[in-house]
Amino acid sequence: MYTQALDSAGSAAPQGEADEDGRLERFQARIDRDEKIEPKDWMPEDYRQTLIRQIAQHAHSEIVGMLPEGNWITRAPSLRRKVVLIAKVQDEGGHGMYLYSAAETLGVSRTTLIEQLLSGRAKYSSIFNYPTLTWADIGAIGWLVDGAAIMNQIPLCRCSYGPYARAMVRICKEESFHQRQGYELMLALARGSAAQRAMAQDALNRWWWPSLMMFGPSDAHSVHTAQSMRWKIKRFSNDELRQKFISVTVPQAQYLGLTVPDPELRWDEAAQHYRAGPINWSEFHAVLKGDGPCNRERLAARREAHEAGRWVREAAAAYAEKHGAGAVPARSG
Amino acid sequence: MNEDWVLYEVFIRSRSGLEHKHVGSLHAADARMAIEHARDTYTRRQEGVSLWVVRSSEIVASDPEEADALFEPARDKVYRHPTFYAIPDEVKNL
């Protein structure tokens with residue numbers, strides 16, 4: 001669901017790498033010709049590390065992203081809403097699997113990636129550290145959070161790294177249903193009783209700003225954007241994508257009869273789109289650093305799930321060994 | 001250190017009459033689990049009617065560095081294509 005330009009500590013600038021036999025130059029030429037880079041192809045170490053970091057963060061986000069929505073499965077108000085929500089959460093799990101597989105093609109093991117998430121060293125999208133307090137939050141997440149994710153992810157389908165681009169094509173195809181079911185849910189509340197409308201408005205109030213933050217720091221503070229653009233890992237800047245999201249989402253809120261919680265939101269006649277007021281970046285950085293409303297709860301839930309599943313993994317490995325699946329490690333981490 | 005389950009590559013026949021096509025990979029303790037995971041991971045929307053899983057370690061791949069040596073020699077053999085041969089328009093059914 002949700003990639004986010006997180007700008008975590010990067011590695012050395014690629015210019016520092018010695019260009020043995022003009023390989024860097026030939027690599028960049030391939031990128032410039034829009035050729036895809038595949039796992040066994042030569043690539044600069046920084047390209048590899050940038051992709052591992054980005055794909056892993058994206059995968060972790062899908063996995064942690066199951067938690068806020070999973071919170072409402074047992075309390076969905078109808079069987080229809082329940083099967084939809086289960087299918088959506090299952091998709092997020094699937095997306096995490098596609099992405100972990102794509103990251104592994106770059107030479108990092110699944111165990112390492114999972115350990116990085118569980119130890120709290122890896123980052124994931126800040127949005128999942130907010131709580132889902134009411135049923136309307138499930139609508140707001142589908143509409144806004146998946147909407148923002150789609151804006152981010154569509155350009156990634158053309159990413160220069162083949163396995164990542166192919167995973168993104170698959171994910172984007174599935175993501176559209178996520179957004180539409182969310183908007184439909186909001187529409188049902190907006191057309192409902194006064195209490196339901198208030199619940200929808202409250203959800204929009206709480207999810208609007210965190211959704212805008214999903215696009216990452218503003219361009220002026222985004223360290224990796226230029227290099228990622230040269231490598232065609234990224235096609236648009238954070239601010240460009242954020243503006244696109246604002247432009248399409250404000251009219252959708254108006255259709256619902258809801259108010260975007262931004263007193264400075266205004267129509268820009270010259271640019272022909274809505275402009276949002278300033279974003280509270282200190283909140284964004286606090287959530288990223290681990291001080292959001294649910295950071296500890298999310299990681300604790302992941303660790304508990306991992307530990308609770310250990311006996312299943314061990315039993316499966318023991319069974320496989322006994323029945324000659326061969327070369328199966330005794331422990332699965 | 002790698003404590004992961006075996007890596008499998010997944011192939012799907014999208015409908016009867018078509019070939020199996022590579023779609024991605026997954027980890028599983030054994031082949032049967034690989035099929036079950038492949039079903040849950042790659043066919044949630046009727047993407048296929050048949051699955052293959054193959055241990056990734058069993059796949060032998062050509063070396064990208066040798067791509068030119070392997071594939072370039074075919075480039076100048078245009079006479080292997082029907083359009084290389086000029087046939088007068090009046091001649092039919094060729």
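How many residues apart are B:R32 and B:E36 in helix α1 of chain B? Keep that in mind as we start the tour; the model on your screen is a predicted one.

**Stop 1: a helix in chain B.** Select B:R32 and B:E36. They sit four residues apart in helix α1 (residues 31-42), so about one helical turn separates them.

**Stop 2: two helices in chain A.** Now pick A:D146 and A:K88. These two form a salt bridge as well, with the closest N and O atoms 3.0 Å apart. This pair links distant parts of the chain: A:D146 belongs to helix α6 (residues 136-153) and A:K88 to helix α4 (residues 79-104), 58 residues apart. Are they buried or exposed? Both A:D146 and A:K88 are buried.

Stop 3: Next, select A:E307 and A:R310, whose side chains meet in a salt bridge of 2.9 Å, N to O. A:E307 is partly exposed, with a relative accessible area of 45%. Then try A:R30, A:R33, A:E35 and A:D41 together, and you'll see a network of salt bridges linking them. Over all chains, the count comes to 26 salt bridges.

Stop 4: Jump to A:Q272, in the loop between β1 (266-268) and β2 (273-275) of chain A. Its phi is near 60°, a positive value in a residue other than glycine. Finish at B:N93, in the segment after α2 (67-71) of chain B. Phi of B:N93 is near 60° too, and this residue is exposed, with a relative accessible area of 83%.

Technical notes: Residues are numbered from 1 along each chain as its sequence is written. Chains are lettered from A and ligands numbered from 1 in the order in which they are written. This is a predicted model: local features need pLDDT of at least 70, side-chain atom pairs count only at pLDDT 80 or more; totals for chains, interfaces and linings use all residues. Side-chain values use heavy atoms; hydrogens and water are left out. Buried means under 20% relative accessible area, exposed over 50%, partly exposed in between (1.4 Å probe, protein chains only). A salt bridge is a side-chain nitrogen of Lys or Arg within 4 Å of a carboxyl oxygen of Asp or Glu.
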